[in-house]
Amino acid sequence: MLYRLIRPALFLLDPERAHGAALAALKALPRGGTDRADGPLATTVAGIAFPNPVGMAAGFDKDGEVPDALLGLGFGFAEVGSITPLPQAGNPKPRLFRLEADNAVINRMGFNNGGAEAAVARLARRLGRPGVVGVNIGANKDSTDRIADYATMARLMAPLASYLAVNVSSPNTPGLRALQDEGALTALLDAVLAARGRQGPPVFLKVAPDLEPADIDAIARIVVDKQLGALIVSNTTISRPPLRSADAGETGGLSGAPLRDLAQQRLRDFRKATGGAIPLIGVGGIASADDAWARIRAGASLVQLYSAMTYAGPGIARAVTRGLERLMRRDGFASIAEAVGSE
């Protein structure tokens, strides 16, 4: 209710300034507790106990400043980043656009973040606290060896992360999505897994929704062969379904409601291609419990959201988890794991 009252004023701000205000507000909150890992929505994926399957996607907390505040809002896990070895400013502003008429966002941020050194110091201070916090790792735009960048990030972040998410699917770093090609992806994952170490956290891979069937089959073969912890499906899209907002023609990755159907179909495609051998995390266009439940029934063990919080406010995690409990009972499932892929 409070967010609905203040949203019009917040939306008068430039979207990036409004995002900064949201981070500042979360920093000012007392650190909230995390949900119990034995509640009705608890589930285990890649050996990690999640109190509920609803996570905050990467991009909101790029520098790992507020993961505990996000967990306190009711998210079952928070994914920070993308973080690169060296600080970088990202792309020129403006680079973030609200598409209010479409409940969507276009961004071309370009991995803007304060770099690994600052993030390591920040995340090290929260070691020992409860809660699942993943770290999304990326490469610097001007790097001459991007695979080495990912390996560096895996080595630095492995002691600090519940899981590592390898992001090769942002459309806003030129050439990055080429790392989804079969040969490059195999070399990249080999480097990351070696740098992580034998006792390191699970490695997840985040892929784009803009993939051809042959790409999906090749990626599926690789993630099964490498025994990754999970596949995150998907990042933003460079495609443009019909949109009504004035900023619909801006370049960058589109997220929010218009991505829902494409992201859900890609999840089904990867479920089929992997034969259910790798857990899937559904992302893209999830704004309600019904959306999350549909993604779980289609094969997602976990879900993530971000753009929807722009429109619904910080209470969205609690709203979605309450709704998931109701839907799980309605459909006769005793656990989230039992419902995965049951459509």
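Student: In which loop is Pro-94 placed?

Tutor: This is a predicted model, in which local features need pLDDT of at least 70 and side-chain atom pairs count only at pLDDT 80 or more, while totals for chains, interfaces and linings use all residues. Residues are numbered from 1 along each chain as its sequence is written, and side-chain values use heavy atoms, with hydrogens and water left out. Helices (DSSP runs of H or I, at least four residues) and strands (runs of E, at least two) are numbered from the N terminus. On that numbering, Pro-94 belongs to the loop between strand 4 and strand 5 (96-99).

Student: What is the omega angle of the cis peptide bond between Gly-81 and Ser-82?

Tutor: Most peptide bonds are trans. A cis bond joins Lys-93 and Pro-94, with omega at about -5 degrees. Ser-82 has its place in strand 4, and for the cis bond that joins Gly-81 and Ser-82 omega is about 15 degrees.

Student: How many residues of strand 4 are buried?

Tutor: Accessibility is judged with a 1.4 Å probe and protein chains only, with buried meaning under 20% relative accessible area, exposed over 50%, and partly exposed in between. Strand 4 is largely enclosed by the rest of the structure, because its buried residues number seven of the seven.

Student: Which residue of strand 4 is the bridge partner of Met-56?

Tutor: Two strands count as paired if DSSP finds at least two bridges between them. Strand 3 (residues 54-56) and strand 4 run parallel and are joined by two bridges. The partner of Met-56 in strand 4 is Ala-78.

Student: How far apart in sequence are the parts tied together by the pair of Phe-50 and Phe-77?

Tutor: Rings of Phe, Tyr and Trp (its six-membered ring) pair if their centres lie within 6.5 Å, with planes under 30 degrees apart called stacked, over 60 edge-to-face and the rest tilted; by this rule the count comes to six aromatic pairs. Phe-50 and Phe-77 form an edge-to-face pair, at 5.0 Å centre to centre and with 80 degrees between the planes. Phe-50 lies in strand 2 (residues 48-50) and Phe-77 in strand 4 (residues 77-83), so the parts that this pair ties together are apart in sequence by 27 residues.

Student: Are Phe-50 and Phe-77 buried or exposed?

Tutor: The relative accessible area of Phe-50 is 0%, which makes Phe-50 buried. Phe-77 is likewise at 0% relative accessibility, and therefore counts as buried.

Student: What kind of pair do the rings of Trp-293 and Phe-333 form?

Tutor: The angle of the planes is one part of how a pair of aromatic rings is described, the distance of the centres being the other. The centres of the Trp-293 and Phe-333 rings are 5.9 Å apart and their planes stand at 65 degrees, so the pair is edge-to-face.

Student: Which residue's ring lies under the charged end of Arg-98?

Tutor: A charge is taken to sit over a ring if NZ of Lys or CZ of Arg is within 6 Å of the ring centre and within 35 degrees of the ring normal. The charged end of Arg-98 sits 4.4 Å from the centre of such a ring, which belongs to Phe-11.

Student: What is the phi of Gln-227?

Tutor: Most residues other than glycine have a negative phi. Gln-227 lies in the loop between helix 7 (213-225) and strand 10 (230-233), and is exposed at a relative accessible area of 69%. Although Gln-227 is not a glycine, its phi is positive, at about 55 degrees.
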